[in-house]
Amino acid sequence: LDSMAKIPDIVKYAVDNNQPAIAITDHGYMSGFVDFVKECKAYGIKPIIGEEAYEVDNMYEKNDTKEHTQYRHHLILLAKNKEGLQNLFKISSLAATEGFYKKPLIEIERIKQEGWGKGIICLSACMAGRLSKLVEQNNFEEAIKWYNKMTETFENVYIEIQSHPNDIQMELNKRLLKLADMVNTDNIVVTSD
């Protein structure tokens with residue numbers, strides 16, 4: 001929803017560059033899901049269905065003032081199979097109905113309680129993700145706790161680094177790789193938004 005690229009452009013790029021699969025992750029919704037799947041199938045590309053969820057501590061909190069703002073953390077969720085797709089629909093629907101306040105909001109704790117992390121690949125997201133924010137603040141103790149909570153909730157979890165060539169992102173990438181060593185994982189993915 002905030003990309004200048006259109007679905008046909010993304011699929012054409014994948015075809016032209018021999019990419020067998022691609023994903024799009026709309027912010028807070030799965031708005032492009034149907035058109036994306038149709039376009040991918042027309043060109044023999046595997047569509048990876050996902051969304052960039054707005055993850056919060058309390059999805060029912062409707063308070064957003066100058067004195068108090070509940071931060072909406074980004075979190076990438078990708079369906080790896082049919083069960084994951086069904087769970088992604090449940091997450092997206094709940095966030096858009098019960099959790100909606102300016103944006104569709106969801107809690108990790110609710111996903112965990114409902115068992116909706118099955119069949120879902122979770123990426124820690126860009127600089128607006130909770131894990132990135134904790135690491136950026138050098139709060140590795142809380143970052144480890146949060147990483148562990150994600151691994152208890154989702155079937156697969158990847159620490160996401162991005163390829164933006166700016167000093168802030170490059171330093172964050174180093175810290176995220178340090179975190180990966182600390183939690184003893186090789187599950188690292190490089191993305192670009």
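Predicted model: local features only at pLDDT ≥ 70, side-chain atom pairs only at ≥ 80, totals over all residues.
**Entry 1: aromatic rings**

I searched the whole structure for aromatic pairs and got one. The partners are F33 and F89, arranged edge-to-face, with 5.4 Å from centre to centre and 80° between the planes. I then looked up where each partner sits: F33 is in helix 2 (residues 33-42) and F89 is in helix 3 (residues 82-97), so the pair ties together parts that are 56 residues apart in sequence.

**Entry 2: charges over rings**

Next I checked for charged side chains above ring faces. R130 has its charged end over the ring of W146, 4.3 Å from the ring centre. I also noted K178, which lies over the face of F140 at 4.6 Å from the centre of that ring.

**Entry 3: helix 3**

Helix 3 counts 16 residues and spans 23 Å between its first and last C-alpha, close to the expected 22 Å. Its buried residues are G84, N87, L88, I91, S92, L94 and A95. Down the helix axis these buried residues fall within an arc of 165°, so they line one face of helix 3. I jotted down the reminder that an α-helix has 3.6 residues a turn, so residues three or four places apart point the same way. On the other side of helix 3 I found K82 and T97 exposed.

What do the buried residues of helix 3 pack against? I listed strand 2 (46-55), strand 3 (73-79), strand 4 (105-106), helix 4 (108-114) and strand 5 (120-123). At the start of helix 3, N81 puts a side-chain oxygen within 3.2 Å of the backbone nitrogen of E83.

**Entry 4: helix 7**

I gave helix 7 (residues 167-182) the once-over as well. Helix 7 has 16 residues and reaches 23 Å from first C-alpha to last, close to the 22 Å expected. Its buried residues are Q169, L172, N173, R175, L176, L179 and A180, and they pack against helix 5 (130-136), helix 6 (140-153), strand 6 and strand 7 (188-191).

At the start of helix 7, a side-chain oxygen of N166 comes within 3.2 Å of the backbone nitrogen of I168. Just after the helix, N184 has a positive phi of about 55°.

**Entry 5: Q162**

Strand 6 (residues 156-162) came up among the neighbours of helix 7, and Q162 is in that strand. Q162 counts as buried because its relative accessibility is 5%, under the 20% cut-off. Which side chains does the Q162 side chain contact? I found a polar contact with the side chain of H164 at 3.1 Å, and another with the side chain of T191 at 3.2 Å.

**Entry 6: helix 1**

Last, I went back to helix 1 (residues 7-16), where I7, V11 and A14 are buried. Down the axis, these buried residues fall within an arc of 55°, so they line one face of helix 1. K12 and Y13 are exposed on the other side. Strand 1 (21-27) and helix 2 are among the parts covering the buried residues of helix 1. After helix 1 comes N18, with a positive phi near 55°.

Technical notes:
Residues numbered from 1 in each chain as written. Heavy atoms only, no water. Phe/Tyr/Trp six-rings, centres within 6.5 Å; stacked < 30°, edge-to-face > 60°. Helix = DSSP H or I, 4+ residues; strand = E, 2+ residues; numbered from the N terminus. Lys NZ or Arg CZ within 6 Å of the ring centre and 35° of its normal. Expected span 1.5 Å × (residues − 1). Buried < 20%, exposed > 50% of the residue type's maximum accessible area, 1.4 Å probe, protein only. Arc of directions from axis to C-beta. Contact = heavy atoms within 4.5 Å. Polar contact = N/O pair within 3.5 Å; in protein donor to acceptor, adjacent residues only side chain to side chain.
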